[in-house]
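Let us walk through this structure.

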Amino acid sequence: MSEQAQARAARLREEIQDFCAKTVPKALREKSRRHQVLGKEDYVQWMRLLHQQGWAVAHWPLAYGGQAWSMLERFVFEDELARQGMPWVIPFGVKYVGPVIYTYGSQAQKQRFLPPIVNTDEFWAQGYSEPQAGSDLASLRTTAVRDGDEYVVNGQKVWTTYAHWADWLFCLVRTAVSPSDSVISGEKGRPQNAISFLLIDMKSPGVTVRKIGTMDGFHHVNEVWLEDVRVPAENLIGEEGGGWTYAKFLLQNERTTGSLVGMAWHALDRAQELAATLPDGRGGFLGDSPLVRHRLGEFDLRLLALEQTAYRAVRAMSEATDNGGEASLIKIRGPELHQDIAEACIDLLGHAGMAYDPVSLHSAGLPPLGPDDAGGLIKDHLYNRASTIFGGSSEIQRNIIAKTVCGL
Ligand SMILES: Cc1cc2nc3c(=O)[nH]c(=O)nc-3n(C[C@H](O)[C@H](O)[C@H](O)COP(=O)(O)OP(=O)(O)OC[C@H]3O[C@@H](n4cnc5c(N)ncnc54)[C@H](O)[C@@H]3O)c2cc1C
């Protein structure tokens, strides 16, 4: 990586630190510090703040209002925001479907959908997974049958994050009854060839969203039922039967790694603070114990190794020499480490780590036992059990590494 690129990335890191300290409103900073669950209005505010800063779509090409950020800048952006404990950069519009639309969409689709994505005027959800079609996505069964100028869609999506807030769903559907009916010629017989990529208005008759409760006690994910939903054919991206190509392109964007490293650093900083400030009941602090110091020291080493691996991956991606194994390695190690650090935080909290009441997490002036972020730390710990599952489970990532790196 050139010195110039590194200097630009270092400047960006400083600008982000400044932005977090001075521009992000105090109320949002406080909610984030306490790891509270943010509402849709919080996220809209957050995404618009990033847009005002010129960062929401800075990774897009210049032609679409971006700044054509390098891989290193993309990494630093996600890493530093997470390190500062800022909210999640909601990826569904700016990072996932936006690039699919400007790469494969028609001119009319670009004009219709890109501006509201840039300013988060419309909220998106990702309709990939189905019952029996998560890791094995190509076996999805939701059908879209052409009827004149429309598709009639029937099926069920599951685990759809923020579908209850979404205006639009980008959705993988089966447009051919059997793989051999696929309109894509030359490669008949693969189930992937019957898949298409459709944009569905969540207000369409026949769309029903049902909450799935997660064990942190909040509402993040949903089932989405699609019953005779009529979707204009103009909402098909690219070619009928070409959806698998667009879906894979999108998944590549899902596999950037900055936030995984930054989140782990942020959690470790908090664990170290807790160890240094929580009394051990013998006149000292929990961090006086060699066992605690050893546990945290080991996280430090694992995190340094993860960070170096992430930088190597960024370099490989910049030089287009990556083989797919790098991102998988980080997707395994990052969430595992984050889960282990979160568990250590709960252990350090002692009794406060057991007294979890989701309601108290949002009641100002009513902190649970212990520090006022205790409830939030437990909430994150419970929700983050999912981080080794979503975005491709750890077992699937191991399979990818076995194939791409070990050649098995
Ligand atoms: C909190 C959360 C949010 C999510 N958000 C979204 C979303 O917004 N949109 C969306 O489309 N999806 C979303 N998902 C779905 C997520 O992508 C899937 O859960 C994931 O791909 C795993 O699929 P599955 O749940 O069907 O599990 P399965 O694929 O049934 O896997 C079950 C178990 O078997 C293992 N396994 C499966 N196949 C293999 C194999 N070949 N070799 C070894 N082990 C294997 C898996 O690792 C796992 O442990 C979300 C999931 C969660 C938990």
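The domain assignment divides the protein into domain 1 (3-89), domain 2 (124-241) and domain 3 (255-404). Keep in mind that this is a predicted model. Taken over C-alpha atoms, the centres of domain 1 and domain 3 are separated by 20 Å. The two domains touch: 19 residues of domain 1 are in contact with 21 residues of domain 3. Which helix gives the most to the domain 1 side? Helix α4 (residues 71-83) does, with 12 residues. By class, this side of domain 1 has eight nonpolar, four polar and seven charged residues.

From β1, step across to its neighbour. β1 and β4 pair in the parallel sense, over four bridges. Here alanine 125 stands opposite leucine 169 in β4. Seven of its seven residues are buried, so the strand is largely enclosed by the rest of the structure. In a regular strand, side chains alternate between the two faces of the sheet. In β4, Trp168, Phe170, Leu172 and Arg174 point one way. Leu169, Cys171 and Val173 point the other way, and all of these residues are buried. β4 also pairs with strand β5 (residues 195-201), this time in the antiparallel sense and over seven bridges. Within that pairing, valine 173 stands opposite serine 196 in β5.

Leu169 leads on to the nonpolar core. The largest nonpolar core has 99 residues, and Leu169 is among the members that touch the most other members. Take isoleucine 341 as a case. Not counting residues up to four places away in sequence, isoleucine 341 touches Ala264, Ala267, Leu268, Ala271 and Phe299.

Next comes another set of strands. Strand β2 (residues 143-147) and strand β3 (residues 150-158) run antiparallel and are joined by five bridges. Aspartate 147 stands opposite glutamate 150 in β3. The hairpin of β2 and β3 has two residues between the strands, and glycine 148 takes a positive phi near 65 degrees there. On β3 there is a further pairing: β3 and strand β7 (residues 219-232) are antiparallel over eight bridges. The bridge partner of tyrosine 151 in β7 is valine 231.

Two backbone angles call for a check. Most residues other than glycine have a negative phi. Tryptophan 159 is not a glycine, yet its phi is positive, at about 65 degrees. Tryptophan 159 lies in the loop between β3 and β4. Is tryptophan 159 buried or exposed? Tryptophan 159 is buried, because 22 other C-beta atoms lie within 10 Å. Aspartate 228 also has a positive phi, near 50 degrees. Aspartate 228 sits in strand β7. With 11 other C-beta atoms within 10 Å, aspartate 228 is exposed.

Aspartate 280 lies between α8 (258-277) and α9 (290-318). With 14 C-beta neighbours inside 10 Å, aspartate 280 counts as partly exposed. Aspartate 280 touches Phe285, Leu286, Asp288 and Ser289, not counting residues up to four places away in sequence. How far is aspartate 280 from alanine 138? The two are 142 residues apart in sequence and 53 Å apart in space, C-alpha to C-alpha.

How values were computed:
Residues are numbered from 1 along each chain as its sequence is written. This is a predicted model: local features need pLDDT of at least 70, side-chain atom pairs count only at pLDDT 80 or more; totals for chains, interfaces and linings use all residues. Domain bounds come from an automatic or database domain assignment. Two residues are in contact if their C-beta atoms, placed from the backbone, lie within 7 Å. Ala, Val, Leu, Ile, Met, Phe, Trp, Tyr, Cys and Pro count as nonpolar, Asp, Glu, Lys and Arg as charged, and the others, Gly among them, as polar. A residue is buried if 20 or more other C-beta atoms lie within 10 Å of its own, exposed if 12 or fewer, and partly exposed in between; C-beta atoms are placed from the backbone. Two strands pair if DSSP finds at least two bridges between them. A nonpolar core is a set of buried Ala, Val, Leu, Ile, Met, Phe, Trp, Tyr and Cys residues joined through C-beta atoms within 7 Å.
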